[in-house]
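Biologist: I would like to learn how to read a model feature by feature. Could you take me through one?

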Amino acid sequence: MLTRTAEDRQLLELVDPVAESLGLAVVRLRLMGGTQRRRLQIMAERIVDHDISVEECARLSRAVSEVFDAADPIAGEYLLEVSSPGIDRPLTRLNDFALFEGFEARLETDRLVEGRKRFRGVLAGLDEGHVCIDLEGEDDTALIPFDWLVDAKLVLTDALLKRGAELRAQRGEPSDDGLPAEQDPND
């Protein structure tokens, strides 16, 4: 799920070593659009703490641009977009499911599993290449083969927001969002 197409996989072969040299890991790479103005979206994060700064995104963008200028792997014009995976991030690698165990996620498979392709529940770890998920309204933990997944994403919840705030606090970052505080209408 890191990539979707053969062309994406070829581009990832060029991007991966560049990201790794900067201490980053590619979370997802997608080349989108038709034959006209295409968009190459690269989501990345630091290997050590699964976060990334704006400066690191810019550094990766410049480094990828240099490699792509030399290799010219994309025909025609394209827009390069390097970003964080975000708080409600895609889950694209097997270890993502262990890292975010205990958080709610939406999964989609490429084939039917017990009569359905879409699942929502709390991640419950891994079991021999299977994603474990406690589904809403079900007593048993479902085991879904990682190789059958076509899409997986964290669900934005209070627990996920709290985790993000705690990580920012550990790094000494401000806990507010930079917006003015709402005033109490009774004041």
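**Cysteines, helices and rings**

Modeller: Start with the cysteines. This is a predicted model, and a search of the whole structure finds zero disulfides.

Biologist: What is the cut-off for a disulfide?

Modeller: Two cysteine sulfur atoms must lie within 2.5 Å. No pair in this structure passes.

Biologist: Is Cys-57 buried or exposed?

Modeller: Buried means under 20% relative accessible area. Cys-57 has 9%, so it counts as buried. Cys-132 is buried too, because its relative accessible area is 8%.

Biologist: Where does Cys-132 sit?

Modeller: Cys-132 belongs to strand S6, residues 130-135.

Biologist: Which residues does Cys-132 touch, leaving out those up to four places away in sequence?

Modeller: Among them are Val-122, Leu-123, Ala-124, Gly-125 and Leu-126. The list also includes Thr-141, Ala-142 and Leu-143. For a separation in sequence and space, take Ala-98. It is 34 residues from Cys-132 in sequence, and their C-alpha atoms are 9.3 Å apart.

Biologist: Now the helices. What span should H1 have at 1.5 Å a residue?

Modeller: H1 covers residues 6-21, which is 16 residues, so it should span 22 Å. Its end C-alpha atoms are 24 Å apart, and that agrees.

Biologist: Where is the kink in H1?

Modeller: At Glu-13, shortly before the proline Pro-17. The kink is about 30°.

Biologist: Which residues of H1 are buried, and what covers them?

Modeller: Asp-8, Leu-11, Leu-12, Val-15, Val-18 and Ala-19 are buried in H1. Their cover includes strand S1 (24-32), strand S2 (38-46) and helix H2 (54-71). After H1 comes Gly-23, with a positive phi near 80°.

Biologist: How should I think about the sides of a helix?

Modeller: Begin with the geometry. An α-helix has 3.6 residues a turn, so residues three or four places apart point the same way. Now apply that. In H2 the buried residues are Glu-56, Cys-57, Leu-60, Ala-63, Val-64 and Phe-68. They cover an arc of only 135° around the axis, so they lie on the same side of H2.

Biologist: Which residues are exposed on the other side of H2?

Modeller: Val-54, Glu-55, Glu-66, Asp-69 and Ala-70 are exposed there.

Biologist: What do the buried residues of H2 pack against?

Modeller: H1, S1, S2 and strand S3 (78-83). Following H2, Asp-72 has a positive phi near 50°.

Biologist: Last, the rings. How many aromatic pairs are there?

Modeller: Ring centres must lie within 6.5 Å to pair. The count comes to three aromatic pairs. One of them is Phe-97 with Phe-146, edge-to-face, at 6.0 Å centre to centre and 75° between the planes. This pair links distant parts of the chain, 49 residues apart. Phe-97 is in helix H3 (residues 94-99), while Phe-146 is in the loop between strand S7 (141-145) and strand S8 (149-154). Both Phe-97 and Phe-146 are buried.

Biologist: What arrangement do Phe-100 and Phe-103 take?

Modeller: Edge-to-face, with 6.4 Å between centres and 65° between the planes. Both Phe-100 and Phe-103 are buried.

Notes: Residues are numbered from 1 along each chain as its sequence is written. This is a predicted model: local features need pLDDT of at least 70, side-chain atom pairs count only at pLDDT 80 or more; totals for chains, interfaces and linings use all residues. Side-chain values use heavy atoms; hydrogens and water are left out. Buried means under 20% relative accessible area, exposed over 50%, partly exposed in between (1.4 Å probe, protein chains only). Helices (H or I, at least four residues) and strands (E, at least two) are DSSP runs, numbered from the N terminus. The expected span of a helix is 1.5 Å times one less than its number of residues. The bend at a residue is the angle between axes fitted to the seven residues ending there and the seven starting there. Contact means heavy atoms within 4.5 Å. The arc is that of the directions from the helix axis to the C-beta atoms. Rings of Phe, Tyr and Trp (its six-membered ring) pair if their centres lie within 6.5 Å; planes under 30 degrees apart count as stacked, over 60 as edge-to-face and the rest as tilted.
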